[in-house]
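Hi everyone, thanks for making time for this. I'd like to walk you through one structure, so let me put the sequence and the model up on the screen.

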Amino acid sequence: MQLLETLCRVAAPSGNEAPLTKFLLDYIQRYQSSWRTLPTLLQGEEFQDCIILVFGKPRTAVFAHIDSIGFTVRYGRQLVRIGGPDVETGYQLVGQDTEGPILCRLVVDENTGALSHDFHREIERGTELTFQCDFRETETTVQSCYLDNRLGVWNALRLCETLEDGIIVFSCWEEHGGGSVAYLAKYIYETYGVRQALISDITWVTEGVQPGLGVAISMRDSLIPRRSYVERIRRIAQEAGIPHQLEVESSGGSDAKELQHGAQPWDWCFVGAPEDNVHSPNEIVDKRDIASMLVLYQVLLKRL
Amino acid sequence: MQLLETLCRVAAPSGNEAPLTKFLLDYIQRYQSSWRTLPTLLQGEEFQDCIILVFGKPRTAVFAHIDSIGFTVRYGRQLVRIGGPDVETGYQLVGQDTEGPILCRLVVDENTGALSHDFHREIERGTELTFQCDFRETETTVQSCYLDNRLGVWNALRLCETLEDGIIVFSCWEEHGGGSVAYLAKYIYETYGVRQALISDITWVTEGVQPGLGVAISMRDSLIPRRSYVERIRRIAQEAGIPHQLEVESSGGSDAKELQHGAQPWDWCFVGAPEDNVHSPNEIVDKRDIASMLVLYQVLLKRL
Amino acid sequence: MQLLETLCRVAAPSGNEAPLTKFLLDYIQRYQSSWRTLPTLLQGEEFQDCIILVFGKPRTAVFAHIDSIGFTVRYGRQLVRIGGPDVETGYQLVGQDTEGPILCRLVVDENTGALSHDFHREIERGTELTFQCDFRETETTVQSCYLDNRLGVWNALRLCETLEDGIIVFSCWEEHGGGSVAYLAKYIYETYGVRQALISDITWVTEGVQPGLGVAISMRDSLIPRRSYVERIRRIAQEAGIPHQLEVESSGGSDAKELQHGAQPWDWCFVGAPEDNVHSPNEIVDKRDIASMLVLYQVLLKRL
């Protein structure tokens, strides 16, 4: 879990993903020679801060978003949200402006809900603040800010180790309205003819999806994927005997939104471990669900 | 109206349109030899569950969505919406899971508005339920669930009989956020250079659009089409002496949303009969409006 | 400011931009010979009512939307909104239907908020009404309806006079959900390889952005642009010593929405003067902010 902890500690809110992109490029450079298959690396200005890895003859693409929620400093001490962070007075925030590093606390006005910080000096307008990482590991759980979606990124990187045929995509802006998957999906479909997608992301513990019972296969959230594709995934998971849970929600979204609405006929399915304390500094995931997530991805990339 | 009744009886909620796709492919196979022009049929995985029919040298494309509203079984007896169905305790719902066919009633919690079913056993998670079809015909009206949009599909199929130049599109997911028109529109524009669209769908009876007074030509709903294109359509309808009504709304949408927001310069206009009891099991349409809808489409496909 | 006044007086609400398109085509035809560089003009049905001007070897595209907010006549005396106009009983509205020119007042129902007009006769269904233009100029300010975005259009036209390398885009539907930038952006990226954008539009006076202190460079609104691109723009503005203000908002949008969500990797930044009395007949802008806006665009198009 050292890799996961490192991923959680890199600040990369939507729009400023470059630090995590840099980390991933270094990581890929260093470790790809130990992977079963050497991928083709696609990156650079035409992909902004995204990365695509192409292994063998791909039939399926895995999307893991690298951005996180956070806050932007507005005027005076005011903060505005990046994505939909949980807010509670006292949450520790970190950042950096031209005057130096920042460590402060989030303040939520009890009456208006307005957000501010309590740093001893004014912070430069437009500076991003993210949750301070307090990474906690037990025998059965990991807990930290940003498991959503550093765990999805971790799953994708671990998948790279044994992958023979497939595409791994590290995308941007997912937490704040999207903005990269449309062009990534177009490029992949037009270049490789791939139109099957899996969303390597983290979902919610609910009354129907409990920690420890396996990775969630989502039958729908605010959007509804094509039934026949989800059925194929369920069947593969069942036949392989991998612990999993079926999720049915009416809200929530993921990188799949851009696949669904883009100008290519993508089939997609969200497959990810559930977490509790969503979008807070205390996101927590059961290790058994992480394990079944990785195993299911390994099997799906072979059989889909 | 036998064809219309058959169309209304096929369960095909957004995301699981395959049963209606199969019906339409069979229908086209059987009847196309009697049509004035033999179309080119485009279908298969690259179009998911959509179908495109290309007649002659097309200048205009007609979009008819084949999906319907409905419900997904969540956890326990809970239901979540597919699209925006009208809800009332007692509405009859039908479906199918691995244990067999389902017939039950919708239950709406009076206090919370929460939706559930009253079937005698638990229904498999993720199962889709749709309204049970009670098709009623009088001398002047048809009434059923899913006239929206099986009537638009019916109109498109009848239009095929005499069509010489044009494209007919059967699209998916319209009731639940869209997801197919973006790639269909891209394919059609890039392959045939066609950028004129008509939306063969059903609208609402309002204070300004009354049953029996003719098909509605919509000047706007939540979106505003290009004025010059709508004016051309109005002029053709007037010159042909076809009964019609002008609709002006601030809400509502259709497959046109994806045309408007897609990366091709589509001109579009919603042209469809009005219905009352929208999105309920008791949608009702005046037969005169069905007749003027079909006639207007026949004229428009010739003159646009 | 005569050009600006003329632009403000042309009625061109979203969906019916053709009158302003015609004015711009005439203006370009008449004045382009006096510009430093003769542009290539792209227009016609494949661009609907939009216009693209390509100068030299472009690296950056400037988007200025030509549509405005307004009202559509519904049934009886009812009005529905085009975009998000400010509404107040007594605002003067103008329009035209087949019976002749229209001058009337907006009426806002105090209890329901419903909108209507007080014209002496019924107005034809679907007719568009816009604010009557009362253009007021002082030594330090200009005031009128539709400075948003006729001032952005004016800025783009003035920029044409000295531009050597760059693209100027006049877009449609920005005030009402968008609908042209997706295809314009695709065409520009695929034809010229350009993926840097500036949004020539008008923003709001707020507690952090004051009239007279210079053009606003927006670090975010409802969407968040790529940090590294905004930083480049800030640096160029600083080095050039051009008065400017940094804006940080959580709401609001622009043509950039379609760039962000489109299938090309556009970097974008909103750069525009702030106005007060937003979306009313009395929009007001400080002339110093207009001046710094134009100068900043001139510098940015050279250095980006």
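Let's start with Y146(A), which is buried, because its relative accessibility of 2% falls under the 20% cut-off. Please keep in mind as we go that this is a predicted model. You can find Y146(A) in the loop between strand 11 (141-144) and helix 3 (147-160) of chain A. As a reminder, most residues other than glycine have a negative phi, and most peptide bonds are trans.

H279(A) is another non-glycine residue with a positive phi, here about 60 degrees. Its place is the loop between strand 18 (274-275) and strand 19 (283-286) of chain A. With a relative accessible area of 14%, H279(A) is buried.

While we are on backbone geometry, here are two peptide bonds to look at. In chain B, D148(B) and N149(B) are joined by a cis peptide bond with omega of about 15 degrees, and N149(B) lies in helix 3 of that chain. In chain C, the bond from D148(C) to N149(C) is cis, with omega near 15 degrees. N149(C) sits in helix 3 (residues 147-160) of chain C. If you plan to work with these coordinates, those are the spots I wanted you to see.

Now to the way the chains are arranged.

Next, the contact between chain A and chain C. Chain A brings 28 residues to it and chain C brings 29. About 2400 Å² is buried between these two chains, and carbon and sulfur atoms give 46% of that area. On the chain A side, Q48(A), Y75(A) and R125(A) lose the most area to chain C, together 23% of what that side buries.

How many salt bridges cross the interface of chain A and chain C? The rule finds 8 of them. One I'd point to pairs the side chains of R195(C) and E45(A), at 3.4 Å from N to O. There are also 24 residue pairs in polar contact across the interface of chain A and chain C, both residues being at pLDDT 80 or more. The elements giving two or more residues to the chain A side are strand 4 (70-73), strand 5 (78-82) and helix 4 (181-192). Strand 5 of chain A gives the most, with 4 residues. Sorted by class, the side of chain A that touches chain C has 7 nonpolar, 12 polar and 9 charged residues.

Let's turn to the contact between chain B and chain A. Here 28 residues come from chain B and 29 from chain A. Chain B and chain A bury about 2400 Å² between them, 45% of it on carbon and sulfur atoms. The salt bridge count between chain B and chain A is 8. R227(A) and E128(B) meet in a salt bridge through their side chains, at 3.5 Å from N to O. For polar contacts between chain B and chain A, the count is 25 residue pairs, both at pLDDT 80 or more.

Stepping back to charges overall, the structure holds 69 salt bridges over all chains. One of them joins E164(B) and R36(B), at 3.2 Å from N to O. That pair links distant parts of the chain, 128 residues apart. E164(B) counts as partly exposed at 39% relative accessibility, whereas R36(B) is exposed, with a relative accessible area of 52%.

Another salt bridge runs between R195(B) and D267(B), whose closest N and O atoms are 2.9 Å apart. R195(B) lies in the loop between helix 4 (181-192) and strand 13 (196-199) of chain B and D267(B) in strand 17 (residues 267-272), so the pair ties together parts that are 72 residues apart in sequence. Are these two partners buried or exposed? Both R195(B) and D267(B) are buried.

I'll finish with a network that spans the chains: K186(A), E190(A), K186(B), E190(B), K186(C) and E190(C) are linked by salt bridges. Thanks, and I'm happy to take your questions.

Terms used: Residues are numbered from 1 along each chain as its sequence is written. Chains are lettered from A and ligands numbered from 1 in the order in which they are written. This is a predicted model: local features need pLDDT of at least 70, side-chain atom pairs count only at pLDDT 80 or more; totals for chains, interfaces and linings use all residues. Side-chain values use heavy atoms; hydrogens and water are left out. Contact means heavy atoms within 4.5 Å. Buried area is the accessible area (1.4 Å probe) that two parts lose on being put together, summed over both. A salt bridge is a side-chain nitrogen of Lys or Arg within 4 Å of a carboxyl oxygen of Asp or Glu. A polar contact is a pair of N or O atoms within 3.5 Å; within protein, one must be able to donate a hydrogen and the other to accept it, and residues adjacent in sequence count only if both atoms are side-chain atoms. Ala, Val, Leu, Ile, Met, Phe, Trp, Tyr, Cys and Pro count as nonpolar, Asp, Glu, Lys and Arg as charged, and the others, Gly among them, as polar. Buried means under 20% relative accessible area, exposed over 50%, partly exposed in between (1.4 Å probe, protein chains only).
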